[in-house]
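User: Hey, I've just opened this one and could use a quick tour. Can we go through it together?
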Amino acid sequence: MISYPSRHCTVELQALPSRIGQVRRIVSAQLRYWHLDALIDRASLGVTELLSNVHRHAQPDKTCTVEIELLLDRLTVSVRDHDPRMPVVDDAEPLATCGRGLAMVAAMSESWGVRPDGESGKVVWFTLPTSAPAVAAPPRRVRRAVQEKPARRFAVAEVAHAADGLRPEHAPARSAVAG
């Protein structure tokens, strides 16, 4: 089920790998609709990490709800599941292939957290600011005048010589496109 009130979007799903990609696309489309294109990458990364955690750890089932909400100058993305166990952020070993998801969410978001949801669940959330700090404009490129050079003309002897398989020293490049 998907609902799209003015500044609120909710998606209920089973946190399976194929569904995670679909939710990422829904979040991206909703942020484009709200003209928040600059937040798409971070929101998609965060929701992917949270849904991956549900897929990997949640018990008794993988049913969850993703909610994105825009309030004033802040976007909140949350994932509610039916597992009351709170996540633990551990320092992953340098060669570990998992265990960095919540650390990544913490690094790319303004704030994040987890709260119990009744007796049988929890909500993990993160926020992103909708207004980026002022960034200095990139320096303008200096344009240089280009010296025009006339095209080189080939004598008939040079063209005939090239046809023999021996290319002149400054032969023009050939196109692979017919015509």
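User: Which backbone oxygen does the side chain of Lys122 reach at 3.1 Å?
Analyst: That's the backbone oxygen of Arg85. Keep in mind that this is a predicted model. The Lys122 side chain also reaches the backbone oxygen of Asp83, at 3.0 Å.

User: Where is Lys122 found, then?
Analyst: In strand S6, which covers residues 122-129.

User: Is Lys122 buried or exposed?
Analyst: Buried, because its relative accessibility is 7% and the cut-off for buried is under 20%.

User: What does Lys122 form a salt bridge with?
Analyst: With Asp81; the closest N and O atoms are 3.0 Å apart. Asp81 sits in strand S4 and Lys122 in strand S6, so this pair ties together parts 41 residues apart in sequence. Asp81 is buried, and so is Lys122.

User: OK, new topic. How many salt bridges does the structure hold?
Analyst: Five. One of them joins the side chains of Arg80 and Glu67, at 3.9 Å from N to O. That pair links distant parts of the chain, with Arg80 in strand S4 (residues 74-81) and Glu67 in strand S3 (residues 63-71).

User: And which residue forms a salt bridge with Arg80 at 2.9 Å?
Analyst: Asp117. Asp117 is in the loop between strands S5 and S6, 37 residues from Arg80.

User: How exposed are Arg80 and Asp117?
Analyst: Arg80 is partly exposed, at 27% relative accessible area. Asp117 is partly exposed too, at 29%. Glu67, on the other hand, counts as buried at 18%.

Definitions and conventions. Residues numbered from 1 in each chain as written. Predicted model: local features only at pLDDT ≥ 70, side-chain atom pairs only at ≥ 80, totals over all residues. Heavy atoms only, no water. Helix = DSSP H or I, 4+ residues; strand = E, 2+ residues; numbered from the N terminus. Buried < 20%, exposed > 50% of the residue type's maximum accessible area, 1.4 Å probe, protein only. Polar contact = N/O pair within 3.5 Å; in protein donor to acceptor, adjacent residues only side chain to side chain. Salt bridge = Lys/Arg side-chain N within 4 Å of Asp/Glu carboxyl O.
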